[in-house]
Amino acid sequence: AWETKDITALVGLLDPAAVMVADGGGAVGTVPHPVEGGARIARYMVAIADAAPGLELLERSVNGMPGLVARRAGVVVTVAAFDVADGHVTRIWVVRNPEKLRLWAQDG
């Protein structure tokens, strides 16, 4: 849904009260405050898709939760973990801080 920029499909995956937080570590851009609400998160994610062409998304387990690893030109640039309840994503944790992505870069 993210790759096709389908807001309706994204909203359908997200709990209406979902929350997304992101960590850029001050080294890379990200949202400065939590994004609250499924519709807001979906719109934000579509805006990011527009600004980040060429990302390769890999489904991975992240800290024991469903997740995605985004790579650009083979380099890990983002890792996201999803808390899921009753078939909907309730919380998204996004790490873009390069210092915290080192292990992911080594593991591939």
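Residue D23 lies in strand β1, where helices (H or I, at least four residues) and strands (E, at least two) are DSSP runs numbered from the N terminus. The model is a predicted one, in which local features need pLDDT of at least 70 and side-chain atom pairs count only at pLDDT 80 or more, whereas totals for chains, interfaces and linings use all residues. Residues are numbered from 1 along each chain as its sequence is written, and side-chain values use heavy atoms, with hydrogens and water left out.

The side chain of D23 is joined to that of K100 by a polar contact of 2.5 Å, a term for a pair of N or O atoms within 3.5 Å in which, within protein, one atom must be able to donate a hydrogen and the other to accept it, and for which residues adjacent in sequence count only if both atoms are side-chain atoms. K100 and D23 also form a salt bridge (2.5 Å, N to O), defined as a side-chain nitrogen of Lys or Arg within 4 Å of a carboxyl oxygen of Asp or Glu. This pair links distant parts of the chain, since K100 is in the loop between β6 (88-95) and α3 (102-107) while D23 is in strand β1 (residues 14-23), 77 residues apart. When neighbours within four places in sequence are left aside, D23 is in contact (heavy atoms within 4.5 Å) with T30, V94, V95, R96, N97 and K100.

In total, the structure holds three salt bridges. Another of them joins the side chains of E56 and R71 (2.9 Å, N to O), and this pair too links distant parts of the chain, with E56 in strand β3 (residues 56-62) and R71 in strand β4 (residues 65-72), 15 residues apart. R71 counts as buried at 19% relative accessibility, whereas E56 is partly exposed at 35%; buried means under 20% relative accessible area, exposed over 50%, and partly exposed in between (1.4 Å probe, protein chains only). R102 and E99 also meet through their side chains in a salt bridge (2.8 Å, N to O).

Turning to the nonpolar residues, the largest nonpolar core has 15 residues, and those with the most contacts inside it are L14, M20, I41 and I92. Such a core is a set of buried Ala, Val, Leu, Ile, Met, Phe, Trp, Tyr and Cys residues joined through side-chain atoms within 4.5 Å. The largest share of this core, four residues, comes from α2. A second, separate core of seven residues includes L58, V69, V76 and A81.
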